[in-house]
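Please have the sequence and the structure open as you read.

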Amino acid sequence: MALYTDLNIELTDEQIAIKEETHRFAKDVLRPASLELDKLPEPDQVIQSDLFWKTMKKGYALGYHTIFIPDTWGGLGLDPLEVHLVLEELGWGSSDFAIGFGVSCFPAFFASMVPNDKLAEEIIEPFCENKDASIVGCWAITEPEHGSDTLCPFTPQFSNPDISGQLTARLDGDEYVIEGQKSAWVSNGTVATHALAYLTLDPSKGMAGGGICVIPLDLPGVRRGKPLQKMGKRALNQGELYFDGVRIPKEFMLVDPESYEAMLDITLSTANAGMGAVYTGVARAAYEEALAYAKKQRIQGGKPLFEHQLIKHKLFQMFMKIEAGRALSRAAMIYNYNNTPPKIEYSIASKVFCTQMAFEVAGEAVQIFGGNGLAREYPVEKFFRDARAGMIEDGANDTLMLTGAHHL
């Protein structure tokens, strides 16, 4: 199987097999599905299509929806290096499905960090046992008036009492009552069965007065908006969620204001490190298409495109950037997935560097393809659109850099 040369000479046979198996799934299932779903004009058509759900079910059958969950709960039980290997290959095949699987894991994953009997019986175990994608999680953090500012733990403005979140919860007996909404950027929002919701418990503490809970989305008072119409990553469902007096058992509140910033730190560190791995895969996909096109398909000036020095220079620049991105994102993931509290600045650096790098590499791939790079006949224009989204999702890069700088 033709994969990149892995500079880690200590990979075990099992880790190599994990990488190759995931690559086959990405090549045979994810890439073709994401390209086909990208052609559908309306986001409703995407989530109503048999292809979308068949692809989700195939990923669930292989356990990719449990990528972050320990095997003691029935998850994949991967170590941090193996998580990176898998996420890079999933991102190579389809950044839309890669993030969809990863986000689906969030309610059960965070519940597994602070488990109780009710969470184990109703959330964690059923999710890990699920193989038909009938249980799907989403990450409900972004709001109409709060985007990347929800991801700034331990910064001075995060404790400003004049600024707090729009989704709130109050304790009423043995239940929390939830009011408010989450914005259209909730990944898996309109297809999810459960949300990992970040909300306000104590507005006097500003954004730091938050809590994290699991909300089953079949409860009375839950409404969904329309799926979002986007320029890229169209197989990643995103849409609004509304909560009108929704009641959850108090056991489903995982985190209170006392530990909210610490858990948000872990959230951001986990998600941003994952983004670094996924977008290393996106960049590699664009680079490999451009290299094959230049060497084997396109003739210019009487010789293969690759024989022109400028094209060789472009391709080697792309190659170097990808190798640098893989080195940084792996190191950040391995360190931060093994240490609490994490060094959040390294996960942010990974996310910012790798998404920016993927956008640059995909842009150069389009340039190498020339006019064909603008045609939907070739996949590089989709990689370019998908890469652009990476610099905004999971925190806009410019805002994340300010948060990371605070920790220097």
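Two strands count as paired if DSSP finds at least two bridges between them. Please keep in mind that this is a predicted model.

**Strand pairing**

With that rule in hand, look at strand 7, which covers residues 239-249. Strand 3 (residues 175-182) runs antiparallel to strand 7 and is joined to it by eight bridges. In this pairing, Gly 180 stands opposite Phe 243 of strand 7. Strand 6 (residues 222-227) is also antiparallel to strand 7, and four bridges join the two. There, Arg 223 stands opposite Tyr 242 in strand 7. As background, side chains in a regular strand alternate between the two faces of the sheet.

**Salt bridges**

Side chains of opposite charge can pair when their charged atoms come close. How many salt bridges does the model hold? The count comes to 25 salt bridges. Three of them are set out here.

| Salt bridge | N to O distance |
|---|---|
| Arg 376 and Asp 38 | 2.6 Å |
| Arg 284 and Glu 88 | 2.9 Å |
| Lys 314 and Glu 364 | 3.0 Å |

Start with the salt bridge between Arg 376 and Asp 38. Arg 376 lies in the loop between helix 10 and helix 11 (380-390), while Asp 38 belongs to helix 1 (residues 13-38), so this pair ties together parts that are 338 residues apart in sequence. Is Asp 38 buried or exposed? Asp 38 counts as buried, because its relative accessibility is 5% and the cut-off for buried is under 20%.

Next comes the salt bridge between Arg 284 and Glu 88. This pair links helix 8 (residues 257-297), which holds Arg 284, with helix 4 (residues 80-93), which holds Glu 88, and the partners are 196 residues apart. Arg 284 is buried, at a relative accessible area of 2%, and Glu 88 is buried too, at 0%.

In the salt bridge of Lys 314 with Glu 364, the closest N and O atoms are 3.0 Å apart. Lys 314 sits in helix 9 and Glu 364 in helix 10, so the pair ties together parts that are 50 residues apart in sequence. Lys 314 counts as buried at 17% relative accessibility, whereas Glu 364 counts as partly exposed at 26%. Salt bridges with shared partners also join Glu 88, Glu 89, Arg 284, Glu 288, Glu 323 and Arg 326 into one network.

**Charged patches on the surface**

Lys 295, Lys 296, Lys 303 and Lys 312 form a patch of positive charge on the surface. Lys 312 is placed in helix 9 (residues 309-338) and is partly exposed, with a relative accessible area of 36%. A negative surface patch is made up of Asp 117, Glu 121, Glu 125 and Glu 129. Asp 117 is found in helix 7 and is exposed, with a relative accessible area of 62%.

**Backbone details**

Most residues other than glycine have a negative phi, and most peptide bonds are trans. Which residues are worth a look here? Ala 133 has a positive phi, near 60 degrees. Ala 133 lies in the loop between helix 7 (117-129) and strand 1 (137-140), and counts as buried at 5% relative accessibility. Phe 154 also has a positive phi, of about 70 degrees. Phe 154 is in the loop between strand 1 and strand 2 (168-172) and is partly exposed, at 40% relative accessible area. Finally, the peptide bond from Thr 340 to Pro 341 is cis, with omega near 0 degrees; Pro 341 is in the loop between helix 9 and helix 10 (344-369).

Technical notes
Residues numbered from 1 in each chain as written. Predicted model: local features only at pLDDT ≥ 70, side-chain atom pairs only at ≥ 80, totals over all residues. Heavy atoms only, no water. Patch = residues over 30% accessible without salt bridge, like charges linked within 9 Å, V, L, I, M, F, W, Y side chains within 5 Å. Areas by Shrake-Rupley, 256 points an atom, 1.4 Å probe, with all protein chains shown as cover. Salt bridge = Lys/Arg side-chain N within 4 Å of Asp/Glu carboxyl O. Lys, Arg positive; Asp, Glu negative; His and termini not counted. Charge placed at Lys NZ, Arg CZ, Asp CG, Glu CD. Buried < 20%, exposed > 50% of the residue type's maximum accessible area, 1.4 Å probe, protein only.
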